[in-house]
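Please open the model in your viewer and keep the selection tool at hand.

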Amino acid sequence: MAFFFCLTNVGLEKALKAEMQDRFPKWRLAFSAPGFITFKGEGPWPVPVLARLWGECVGKGEMPGCTTIDFGPAGVWSVHMQTPEPLWKNPLQLSEVVLPPEAPSRAWMKIEEAISLFDLPLKSGETALEVGSAPGGAVYSLLKRGLHVRAVDPAVMDPSLDVFTSYRHIKKPFQELEFDEIQGVDWWLSDLNLAPGSVLSHLGRLLREVEKPKGLIITLKIGKPYVAAEVPEHQQRVREWGYRRTYTRLLPSNHQEVVLVALR
Ligand SMILES: C[S@@+](CC[C@H](N)C(=O)[O-])C[C@H]1O[C@@H](n2cnc3c(N)ncnc32)[C@H](O)[C@@H]1O
């Protein structure tokens, strides 16, 4: 019998337990504190979607040959981490990203955390397109980095963005985008509050028409546990589009969603 730990975002504990029960039923709940959950079981180690950090939980306190992590209210535990790179230096996998007061939305945090964790080489002068862009937190981050941004959303964008001359709002559903609107894009972002399977089907269709962007940053909404089970398939699908490096990760600012990053 082994023990497995997961560190998740506070508020996601129920969703993570449901994911574990659905995908890894041989692992039973052992201990639960806000953001920190352990499971006992045997067989292959789980690879959860809704966790920031996970691995073997050796025991409470400091033990030789283990990584010791102070989980705050949950106490100090000895673990063997299994989360793949990249990782932040912070042992709890928290970012140091702080939302600026003028950002149009908290989605600014998501893009800044993704850029920071995956060290994404977004450069001034490049072009980004975001589908599901309103009110514009991510667009603001990209504009401040000097990118040209096409923001696609039928909803209203924050009027403060109008001061940027390199910004264009395409006010329609992304399914209706036309060739001249999607060509010449370096970075394609998607932050739609729609089911990931349908988002990826439409994205795949659109991306077939153009030269592939160098990077994709896609938020996958995990409304139900079975959607978490589909995440590895989504990652494989994106690889088949020609993206050799793909990552999925729960970011500290994510809520019922994870990011899928793909690089050519
Ligand atoms: C989570 S919000 C996006 C937040 C945004 N990325 C930001 O930085 O502020 C989801 C957005 O998806 C948009 N959306 C939903 N269906 C859409 C569609 N078919 N095409 C484009 N946008 C859509 C909604 O209008 C909503 O603004």
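A residue is near a molecule if one of its heavy atoms lies within 4 Å of it. Of the 22 residues around the ligand, those that come nearest are Ser-105, Ala-138, Asp-153, Gln-175 and Asp-191. This is a predicted model, in which local features need pLDDT of at least 70 and side-chain atom pairs count only at pLDDT 80 or more, while totals for chains, interfaces and linings use all residues. Residues are numbered from 1 along each chain as its sequence is written, and side-chain values use heavy atoms, with hydrogens and water left out.

The polar contacts here are pairs of N or O atoms within 3.5 Å.

- Gly-136: a backbone N or O atom lies 3.0 Å from an oxygen atom of the ligand.
- Phe-174: a polar backbone atom is 2.9 Å from a nitrogen atom of the ligand.
- Gln-175: a polar side-chain atom lies 2.9 Å from a nitrogen atom of the ligand.

The protein buries 83% of the 600 Å² that the ligand exposes when taken alone (Shrake-Rupley method, 1.4 Å probe).

Next, select Asp-153, in the loop between strand 8 (148–152) and strand 9 (167–170); strands are DSSP runs of E with at least two residues. Which side chain of opposite charge is nearest to Asp-153? It is Lys-171, 7.7 Å away, and Asp-153 has no salt bridge (a side-chain nitrogen of Lys or Arg within 4 Å of a carboxyl oxygen of Asp or Glu).

Terms used. Helix = DSSP H or I, 4+ residues; strand = E, 2+ residues; numbered from the N terminus. Buried < 20%, exposed > 50% of the residue type's maximum accessible area, 1.4 Å probe, protein only. Lys, Arg positive; Asp, Glu negative; His and termini not counted. Polar contact = N/O pair within 3.5 Å; in protein donor to acceptor, adjacent residues only side chain to side chain.
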